[in-house]
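Reader: Got the model open. Can you walk me through the strands and helices?
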Amino acid sequence: MKFTADRNKLSDAIINASKVTSAHSSIPALEGILVNLKNEKITVTGYDLDSGIKNIIPVISAEEDGEVVLNAKLIAEMLRKMPAGCPVEMTCENETNVTIKCGPVEFKLVGVSGQNYPNLPEMSLETSFQVKENVLKSMIRQTIYAVAQNDLKPILTGVFFEVKDNVFSMVAVDGVRIAMRNEKVNYKDLSFVVPTKVLNELLRILSDEDTGKDITVLIDKSQVGFNRDDYITFTRLMDGDFIDYRRYTNFVPTSEAVVNARQFAASLDRVLLLTERFKSPVRCIFENNKLTVTCNTNLGSIHEEIKADYPYPKLEIAFNARFMMDAMRNSECDEVKLQFTGPLSPIKIVPVSGEDFTYLVVPVKMKS
């Protein structure tokens with residue numbers, strides 16, 4: 001195997017793939033990354049038997065196809081410390097003896113034969129649907145913040161993916177809040193739960209811009225994969241039944257308020273200066289087209305008024321400021337609608353128009 005490649009692209013591909021290598025494995029090859037050259041493309045693969053990442057990058061030049069397994073941490077550090085602005089030339093002889101040149105620097109490494117690397121799961125396009133790259137990233141960002149942080153109910157540490165009546169929904173629940181994001185797709189009904197580890201990697205890799213690229217979501221038995229033309233990641237699905245979130249989100253509100261999401265989030269951020277240390281709730285009063293935000297702790301107090309469209313009887317309600325601020329910030333819109341049925345019933349947050357997202361925040365009982 002012999003090729004020349006861009007140093008930065010090769011380094012990024014190796015760092016990405018190393019995210020899922022095994023620290024200690026009964027299969028030594030899984031502690032490294034597989035570098036494969038075929039048809040003038042380099043595929044860098046990391047795999048730990050549960051999750052995998054493939055990065056595909058172009059070559060500057062190539063002479064002979066082949067593959068080798070290299071220590072992920074070592075090769076990543078080597079490339080990082082190579083001279084900037086110089087391409088990298090990699091040569092592998094006798095399947096394991098690797099020479100890496102970059103400008104005046106030359107490293108020699110002993111790798112592992114690529115034949116010792118386990119076969120990765122083959123995923124069929126038979127069960128798959130497509131979603132725009134930037135849309136998928138937005139959907140992940142707008143839900144993953146509400147994933148459960150403890151494993152009392154392990155299934156809630158993942159994100160629920162559901163396609164129903166050509167609507168793709170992602171749902172996260174942590175017991176006191178729900179985040180749901182919807183997008184139209186062209187596919188039949190299905191549902192599964194995805195671990196957050198792979199979703200966090202997608203957040204890092206995917207673009208916020210409308211690149212025109214589609215991500216193909218593939219589901220095959222116990223695996224789910226996310227395929228972009230130069231990047232593939234897959235993981236085992238989580239076992240178990242997800243919570244029936246619709247029983248909590250399907251209610252008819254008795255009142256609602258339209259507020260500026262950014263102003264409300266900024267106000268709650270200020271409240272957290274006083275409340276987060278004491279885990280104290282924030283108190284909100286909706287009355288006469290106005291939202292009054294107040295709290296009192298041992299550190300001090302805060303009082304702030306925000307304009308709100310609320311032509312209903314006075315409503316006083318308290319909740320965790322962090323949870324509501326997360327909902328406001330992840331709404332990614334200027335105004336949101338808060339829907340109520342009472343001071344101790346869940347607060348539903350939805351767009352002013354449309355059904356792109358639904359957030360639920362459970363209030364707390366106020367001290368008299």
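Reader: Which residue stands opposite Tyr359 in β26?
Author: Ala179 does. That's in a predicted model, where local features need pLDDT of at least 70, side-chain atom pairs count only at pLDDT 80 or more, and totals for chains, interfaces and linings use all residues. Residues are numbered from 1 along each chain as its sequence is written, and side-chain values use heavy atoms, with hydrogens and water left out.

Reader: How many bridges join β14 to β26?
Author: There are 5, and β14 (residues 177–184) runs antiparallel to β26. Two strands count as paired if DSSP finds at least two bridges between them. Strands are DSSP runs of E with at least two residues, helices are runs of H or I with at least four, and both are numbered from the N terminus.

Reader: And what about β25 and β26, how do they pair?
Author: Strand β25 (residues 347–351) pairs with β26 in the antiparallel sense, over 3 bridges. Ile349 has Tyr359 as its bridge partner, and Lys348 has Leu360. The two strands make a hairpin with 5 residues between them, and Gly354 in that turn has a positive phi of about 90°.

Reader: Which way do the β26 residues point?
Author: Phe357, Tyr359 and Val361 point one way, Thr358 and Leu360 the other. In a regular strand, side chains alternate between the two faces of the sheet.

Reader: Zooming out, what's the strand order of the 12-strand sheet?
Author: The order is β15-β12-β13-β14-β26-β25-β24-β19-β22-β21-β20-β23, in an open sheet with antiparallel pairing. Its edge strands are β15 (190–195) and β23 (315–319), each pairing on one side only. The twist averages 25° from one strand to the next, with axes fitted as lines to C-alpha atoms (for helices over the stretch in contact) and angles running from 0 to 180 degrees between N-to-C directions.

Reader: Which helix packs on that sheet?
Author: Helix α6 (residues 261–275), touching β19, β20, β21, β22, β23 and β24. Contact here means heavy atoms within 4.5 Å. The direction of α6 makes about 170° with that of β22.

Reader: Switching topic: what's the order in the 5-strand sheet?
Author: That open sheet goes β5-β1-β7-β8-β9, with antiparallel pairing. The edges are β5 (61–64) and β9 (105–110). Strand β8 (residues 97–102) pairs with β9 over 6 bridges, and Cys102 has Val105 in β9 as its bridge partner.

Reader: Where do α1 and α2 sit?
Author: Helix α2 (residues 72–80) packs on the sheet, touching β7, β8 and β9, and its direction makes about 175° with that of β9. Helix α1 (residues 7–18) lies across β1, β7 and β8, at about 60° to β7.

Reader: Last one: what caps the N-terminal end of α7?
Author: Asn320, with a side-chain oxygen 2.8 Å from the backbone nitrogen of Arg322. Helix α7 (residues 321–330) is mostly covered, with 7 of its 10 residues buried, including Met324, Met325 and Met328. Just after α7, Glu332 takes a positive phi of about 55°.

Definitions and conventions: Buried means under 20% relative accessible area, exposed over 50%, partly exposed in between (1.4 Å probe, protein chains only). A polar contact is a pair of N or O atoms within 3.5 Å; within protein, one must be able to donate a hydrogen and the other to accept it, and residues adjacent in sequence count only if both atoms are side-chain atoms.
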